[in-house]
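Here's a quick tour for anyone meeting this structure for the first time. Have a look at it, then read on.

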Amino acid sequence: MSEPLIRLENVTKSYPGTEAPAVGNLTLDVYAGEVLVLVGPSGCGKSTTLRLINRLIEPTGGRIFLKGEDVTDIDSSQLRRKIGYVIQQVGLFPHRTIAENIATVPKLLGWDKATTTARVDEMLELVSMDPAVYRDRYPKELSGGQAQRVGVARALAADPDVLLMDEPFGAIDPITRDRLQNEFLRLQQDLKKTIVFVTHDIDEAIKMGNRIAILREGSEIAQIDTPEVILSDPADEFVENFLGSGAILKGLTLKKVRDIDLHDIPALEMPVMRDEALRVLEASPEKTAVLLDKDHKPLRWISEASLNRTTQPIEKSGKPITIDLQPEDTLQDALGVMLQSSVGMAVVVDRSGKYLGCCSIESLASLIISDGGGTPSS
Amino acid sequence: MDFLERWWTFVSTRGDQIQSALGEHTVYVVTVLGLASVFSISLGIATRRNVLARELSLAVTSVFLTLPSLALFTIFIPLVGLGFAPSFIALFLYSLLPILRNTITGLDGIDQSVLESAKGMGLTPRQVLVTVELPLAWPVILAGIRVSSMLIVGIAAIATLVAGGGLGDFIKSGLARLPLPNSLESIWTGTILCLLLALVVDLILQVLKRATISKGIR
């Protein structure tokens, strides 16, 4: 493999008065452009490890390299300006506006005003916040999710190669967290930063990481590998226990809706006559069809039975379709939607909301069986 | 009504006297408040990481505030003589505790995550202090300065007993001539002017507060 961007070499952190070191003799390589997730039970030293990289905690032994340069003894403030840092509580400066917060590191680095201002707006746009609206607001006016967006924008402002994130989405409600995770993954596709990401949540680790390091007490690496390998081939009992039950289900977050074959459920486009609808339904093996509006957006599930049961107009029969999926959604999302849906299937639409097809439990199951076979069932 | 008229005559015929007494009083307030603020804030910053030093400085300044004011004004006379000096020292010692206490409380009350992110972005300890800690602790510190300012305006009236001048002169001379004409009027003059001065000082500090505290933490 190529030269690691960050290298921890036999790094140790022990505190006086305690016998076991918080981090004991850890060697860890992080490669350019990857997201390495450090995950482990609380108290395993994962946050300490992260803070050793930007030397918020000074190591008691070992060396730290950044781009091949030994940074163990250089000025720590100078070092930190080159490394983005995002924490769970965000820590925005409450007395500074959003723009001033984002401009913190550029200002420390002595950027001129015009460049900084332009960069601030660029960063706000990057995290999907309208600069005109938010630039001059104060942190107290933001929701938790917005605050963390600004936190990420602030960390990226001076365009660091490395980003350290300590449970960045840990204090955010599940729905917003999911959205932020997805947005962050999309951002990372373009930015290709080298990211070390700490979490205690294995599901988040699987979702976010190109590689995962599962740590046990003293920041000892139990296993470090891609999520796929860890899920299908856990190194030992500790890893297995940490993954918990349902490794297959967790693996679903690694796959996207576009990975499975869509089921071709016939579509009925409005306006449609009852006779024609019945004819289509008869021909359909599932005896089900999707009713679309004139823009090809899915409206309702129509089944033969539901159509025969009432004399109501076709746009009032069957069951409404409330949630749909996009090809970029994970199969875990898809499973959730399918289980909620009345027909055991989920509608897949493109970005503009146009109907593409359906995915069913069967197609999901066949995908799991075809490549999930390696997962040991204990 | 009668008294008010007599009082007004008293006040309006002693313009010069009032002006100089008020001037002296104001000098006490301004100089003591300025110096005590600088001293207490510096002390608070210097001792904040050292529990022993912090507790010791709080204990000592508490003692100053507990001493009877009459005693505090007089014990320095053997060292510095009569007049402005012993009064200034006494007032200075009095005003330390509220500002020191609030500096410590203000700095302690800052959200740890803000400090963590400040350090994490590469601010030096000095930059963290000047650009993050002090601005965030400032509302609390300023509240301490306000308490001290009220304290000083009131207690500065005692300076007259050590020949330090100020509005206390009116109160003392009134007290000395008590049943005689113009004695009560004199006492009231000193008292009301103290009150007015306190109001003005408070108003100035309010303006300072609005001007110096960020909208984000108001």
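Let's start with the open sheet of three strands in chain A, where the order is S15-S16-S17 and the pairing is mixed. Strand S15 (324-325) and strand S17 (355-360) sit at the edges, each pairing on one side only. (Strands pair if DSSP finds at least two bridges between them; strands are DSSP E runs of at least two residues and helices are H or I runs of at least four, numbered from the N terminus.)

S15(A) runs parallel to strand S16 (residues 345-349) of chain A, with two bridges between them. A:Asp324 has A:Val347 in S16(A) as its bridge partner. Helix H15 (residues 331-340) of chain A packs on this sheet and touches S15, S16 and S17, its direction making about 125 degrees with that of S16(A). (Contact means C-beta atoms, placed from the backbone, within 7 Å; angles run from 0 to 180 degrees between N-to-C directions of axes fitted to C-alpha atoms, for helices over the stretch in contact.)

## A covered helix

How many residues of H7(A) are buried? Ten of the 13 are, so the helix is mostly covered (buried means 20 or more other C-beta atoms within 10 Å of a residue's own, with C-beta atoms placed from the backbone). The buried ones pack against several elements of chain A, including strand S6 (83-87) and helix H8 (174-191).

## Domains and ground rules

Chain A splits into domain 1 (6-244) and domain 2 (258-368), with bounds from an automatic or database assignment. Their centres, taken over C-alpha atoms, are 41 Å apart.

This is a predicted model: local features need pLDDT of at least 70, side-chain atom pairs count only at pLDDT 80 or more, and totals for chains, interfaces and linings use all residues. Residues are numbered from 1 along each chain as its sequence is written, while chains are lettered from A and ligands numbered from 1 in the order in which they are written.

Note on methods. A residue is buried if 20 or more other C-beta atoms lie within 10 Å of its own, exposed if 12 or fewer, and partly exposed in between; C-beta atoms are placed from the backbone. Two residues are in contact if their C-beta atoms, placed from the backbone, lie within 7 Å.
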